[in-house]
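Thanks for passing this one along. Here are my notes, point by point, to read with the model open beside you.

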Amino acid sequence: MFKFDFTSSTDGADHADNSEKEKKAEADRMIAKIEERSMTTAQSCKLLNASASTSDKVKSCVHERVEMHSSSIDGLHYILPQQTALSEKNTDLIPGVYEGGLKVWECSLDLCRFLAHVMDGTISTEADFRHVTEAVRRSIENGGSAFELGCGHGLPACLILRESVRRYTNSVVVFSDFNDFVLRDVTIPNALLNVCGLYQQQGNDSVDDSASQALLKQSIYAGGDWMGLSHKLSNDEVVLPATERLVDEQFDVLLASETTYTTESCQDTAYLMLKHLKVDIGVGLVATKRFYFGVGGGADAFSQAADKVSESSQSHGLRLVVRTIQSYDTGNANIRDLLEVRLVKK
């Protein structure tokens, strides 16, 4: 028996339209919540500077070296932090208290080596890698800029900082971490350690002073909630200490390693990409595990978050485009992905 459907053809279109409206409304609610957090945490966001006194501390610390597997880009050094109450608890993170910055995460090493291969020219300059190659190279030239989210040890940003200092440029690197003590105990020492190493190679007679001055001119370290820093950037409140140069709110390169371990952190990372990437020419590099079991994060979750923030009214006719440009599969562990993020016109 035939069953006739007398539903108007416009009903399906209306349903689809309502669905799109609800998606946009949900995205707007999410953005509103994030931006409220941005305003309320701005006051607690601390901007720290490297100082000459840190050099003495660096010399007395035990440190390790990470090879870049590159013919022309040197390895990076990083501090082994002293035993703390957190390390005695043997915990990777305590949500809202400690976000894992004392540990060198494997995805950050993936990102460092990828950046090194872009810089040494072994990453193809063909269409597949054109945008990321141009953005990374621009970030270490005069007027260039990079911003590492949830940096911890900050090795990817340290690499960009060191290579810009090598080229005598005036590029800017912003390091951010939830915990002030992480910036003080490992991030700033790592930045100094690697820039000092560069000056030692060059035979500089005043390594410590030169390195400290380079960091004061070209880097800044922000402790606290990312969203507080985002608010400061958007309101012209971030200034380099040595030159009083204003840090622009949009960057050539945004770096993020292991910042996508929950659904909320995926949304935060996507929002910051939407807010702080240069349109069309900026590139975000998100190094992530494919899945973070039991907490909802990972590569797919980040891609979904990027789509969601792009649906909001705050996207202003722009959208995030995400694609996987590298994958790392050892066969006996969680697959790791490196994602390229671009902000383009809809």
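Helices (H or I, at least four residues) and strands (E, at least two) are DSSP runs, numbered from the N terminus. This is a predicted model, in which local features need pLDDT of at least 70 and side-chain atom pairs count only at pLDDT 80 or more, while totals for chains, interfaces and linings use all residues. Residues are numbered from 1 along each chain as its sequence is written, and side-chain values use heavy atoms, with hydrogens and water left out.

1. I would start with E258, which lies in the loop between β7 and α10 (263-276). E258 counts as buried because its relative accessible area is 7% (buried is under 20%, exposed over 50%, partly exposed in between, with a 1.4 Å probe and protein chains only).

2. The side chain of E258 makes a polar contact of 2.9 Å with that of K289 and another of 2.5 Å with that of Y292. Such a contact is a pair of N or O atoms within 3.5 Å; within protein, one must be able to donate a hydrogen and the other to accept it, and residues adjacent in sequence count only if both atoms are side-chain atoms.

3. Leaving aside residues up to four places away in sequence, E258 touches W105, E106, C107, A287, K289 and Y292 (contact means heavy atoms within 4.5 Å). One of these, W105, has the charged end of K103 over its ring, 4.3 Å from the centre. The criterion is NZ of Lys or CZ of Arg within 6 Å of the ring centre and within 35 degrees of the ring normal.

4. Next, the aromatic rings: the whole structure holds four aromatic pairs. One of them joins F147 and F251, tilted, with 5.1 Å centre to centre and 50° between the planes. Rings of Phe, Tyr and Trp (its six-membered ring) pair if their centres lie within 6.5 Å; planes under 30 degrees apart are stacked, over 60 edge-to-face, and the rest tilted.

5. This pair links distant parts of the chain, 104 residues apart: F147 is in strand β4 (residues 145-149), and F251 is in the loop between α9 (226-234) and β7 (253-257). F147 is buried at 1% relative accessibility, and F251 is also buried at 1%.

6. How many disulfides are there in the whole structure? The search finds zero, taking a disulfide as two cysteine sulfur atoms within 2.5 Å. For C112, the closest cysteine sulfur is in C158, 8.1 Å away, so a bond is ruled out by distance. C151 is in no disulfide either, with the sulfur of C158 the nearest at 8.1 Å. C112 is buried at 1%, and C151 is buried at 8%.
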